[in-house]
Amino acid sequence: MASITLEGLKKTYAGNVDAVKGIDLHIEDGEFVVLVGPSGCGKSTLLRMVAGLETITDGTLKIGDRVVNKLEPAERDIAMVFQNYALYPHMTVYNNLAYGLKNRGFKKDEIEKRVRIAAKMLEIEDFLERKPRKLSGGQRQRVAMGRALVREPAAFLFDEPLSNLDAKLRVQMRVEIKQLQRRLKTTSLYVTHDQLEAMTLGDRLVVLSAGQIEQVGTPMEIYARPATMFVAGFIGSPAMNMVPVEYLHARGSNGLLDNLPDGTDIVGIRPDDMHLTPPEGPHLIVQSTLELFEAAGAESHLYVRLADSDQPTVIRVSGQPPVAEGETLRFHVTRNTLHPFNSTTGKRTGD
Amino acid sequence: MVENRPWANFFAHTVLIIGVALVIFPVYIALVASTQAPGDLLRGTMPLLPGSHGIENYKLMWQSGVSTANSPPAAKMLWNSFVMAMAITVGKLSISLLSAFAIVYFRFRFRMFFFWLIFVTLMLPVEVRIIPTFQVVADLKMLNSFAGLSIPLIASATATFLFRQFFMTIPEEMLEAARVDGAGPLKFFKDILLPLSVTNIAALFVIMFIYGWNQYLWPLLITTDPNYTTIVMGIQRMTAEENPQWHLVMAAVVMAALPPVLVILFMQRLFVKGLTETEK
Ligand SMILES: Nc1ncnc2c1ncn2[C@@H]1O[C@H](COP(=O)(O)OP(=O)(O)O)[C@@H](O)[C@H]1O
Ligand SMILES: [Mg+2]
């Protein structure tokens with residue numbers, strides 16, 4: 001086990017495509033870090049540089065105390081789980097797990113022992129003699145994990161390992177990966193574009209956009225205090241609403257907006273911070289027209305348009321309020337739930 | 001199909017039976033002819049039932065051949081053909097597997113140039129380049145040798161191209177997973193690419209073996225020594241005689257047709273298996 005340190009890591013693909021534009025990140029020994037960002041932001045590229053599958057254009061990569069920039073993947077003591085699993089189709093599950101150990105010159109009984117332990121942990125003991133094509137998606141996923149486990153590497157690298165599974169299995173595997181990592185305490189770097197996966201899995205979250213880090217922090221830190229408008233919009237579902245300060249001012253703000261930090265011209269409001277019933281204490285009131293009502297079981301999403309503006313906004317309420325589409329609603333927001341931003345820099349202005 | 005339509009069934013079977021009969025008939029005639037006594041075939045009417053000289057004709061052809069036609073025993077010629085066909089097949093397969101591997105998995109300078117170079121040779125089959133090739137083989141003193149028979153026919157753009165296409169369908173992650181698992185290029189080739197290519201190899205093996213077995217012009221040109229006469233050449237020589245001994249020619253023809261059939265039967269298991277259990 002080891003820590004992973006990225007210093008100014010850069011990747012420029014042929015044709016001057018700057019996929020990764022200088023990343024500094026330190027991953028503690030045993031930590032579970034999730035890289036999250038929209039498709040095409042360079043997550044895979046970054047992970048593959050750590051794995052050694054992509055050359056590093058600039059910067060330093062350390063695993064433990066070793067600089068590994070130039071080492072082959074096999075020499076970096078990492079294991080990777082691919083999105084499409086990349087199992088060897090002509091080998092049995094057993095051999096899929098054993099292949100990496102064989103190549104490293106492990107003794108037969110040691111291989112056998114490790115494969116059995118990993119298979120037991122992942123509950124794939126019954127399939128050891130089968131070929132991957134005779135397995136379901138979820139089982140293949142487990143085999144792919146097993147292939148990483150048996151090696152007992154310094155770090156696990158995951159590239160969207162759950163995105164080929166159906167929703168139910170995804171939740172189940174998510175929980176299992178988390179439990180497994182807790183138990184093994186192996187340093188892990190996990191790439192996903194799914195913000196729910198990101199929020200629930202990681203000890204720490206790294207939000208990437210266009211090859212750069214937007215914010216690093218625990219999932220709750222990032223949720224509670226997004227550092228940029230990008231993060232604010234990306235983490236949390238439905239996404240945070242962005243309302244111009246001017247608009248709120250024009251509707252009478254009871255002086256609530258007077259102490260916003262300098263430079264604030266837009267505020268973010270999470271859909272769950274917009275209440276239909278007035279809260280105690282001072283608050284803002286905004287009128288809006290309900291355009292679409294979406295009942296999602298325990299909660300409902302109200303898609304509204306702010307009065308006298310074409311600003312679309314989402315409100316999340318628990319249960320199913322007695323409202324009808326086309327109706328004009330009033331919602332209430334308290335000062336402490338506002339996230340102040342400057343729309344030119346895209347950065348948080350304070351609070 | 002689960003449908004039950006007697007007329008469609010009847011029709012389909014009739015067409016199939018006619019088709020099969022058309023293919024089988026010449027083979028049957030060859031078999032019948034090879035069992036006749038000398039001279040029986042020269043009387044004008046072709047016998048349609050097997051004669052009684054089968055064993056002696058085959059024995060004669062197998063053991064002594066037709067010396068007047070400069071055609072050695074069939075046993076010898078079959079062996080020569082077999083060695084040549086195997087050398088061509090194995091050579092072609094190994095070279096094209098390796099070159100496809102290089103072209104798909106290695107980023108070297110002029111990679112595409114070499115690919116096109118190989119591809120262009122598709123336009124130059126043996127017959128087109130036969131004179132210069134003969135010159136080269138003669139200069140290298142390879143006339144009358146198995147090397148001369150097989151080496152010039154080994155380079156194969158077709159197989160290289162097919163393997164390249166196949167390798168490109170293998171997901172890149174397979175290579176990456178193997179790299180993470182500590183397999184170098186050759187290990188990856190041996191442990192992963194080769195086993196995945198078995199179906200293609202088996203199919204190409206059959207095609208190439210038949211191609212090698214049927215070579216006619218090239219062996220005719222570069223061998224004069226009867227020790228290297230192939231069965232196809234032998235048959236040609238026997239028929240070129242003034243009074244061809246058709247019963248022996250037919251015996252040789254039947255024997256010449258057997259090895260390709262055996263190769264197909266043997267390889268069939270491999271590629272039928274592959275075709276039904278697509279592994280990807
Ligand atoms: N081999 C490559 N050559 C050129 N550009 C690439 C290559 N791989 C990825 N890219 C580009 O780099 C950017 C980041 O890609 P990637 O890391 O795969 O994104 P993500 O995994 O976050 O979806 C994309 O704009 C993509 O088009
Ligand atoms: Mg990706």
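This is a predicted model: local features need pLDDT of at least 70, side-chain atom pairs count only at pLDDT 80 or more; totals for chains, interfaces and linings use all residues.
**Ligand contacts and the domain interface**

For A:Gly40, a backbone N or O atom lies 2.6 Å from an oxygen atom of ligand 1. A:Ser44 uses a polar side-chain atom instead, 2.6 Å from a ligand oxygen atom. Other residues around ligand 1 include A:Tyr13, A:Pro38 and A:Lys43, where being near takes a heavy atom within 4 Å.

Now for the domains. Chain A is split into domain 1 (4-229) and domain 2 (240-348), with bounds from an automatic or database domain assignment. Their centres, taken over C-alpha atoms, are 38 Å apart. Still, 8 residues of domain 1 touch 13 of domain 2, contact being heavy atoms within 4.5 Å. About 780 Å² is buried between the two domains, 60% of it from carbon and sulfur atoms; this is the accessible area (1.4 Å probe) that both parts lose on being put together, summed over both. On the domain 1 side, A:Tyr223, A:Pro226 and A:Met229 lose the most area, together 69% of what that side buries. Across this interface, 4 residue pairs are in polar contact (both at pLDDT 80 or more).

Residues are numbered from 1 along each chain as written, and chains are lettered from A and ligands numbered from 1 in written order. Local features need pLDDT of at least 70, side-chain atom pairs 80 or more, while totals for chains, interfaces and linings use all residues; side-chain values use heavy atoms, without hydrogens and water.

Methods: A polar contact is a pair of N or O atoms within 3.5 Å; within protein, one must be able to donate a hydrogen and the other to accept it, and residues adjacent in sequence count only if both atoms are side-chain atoms.
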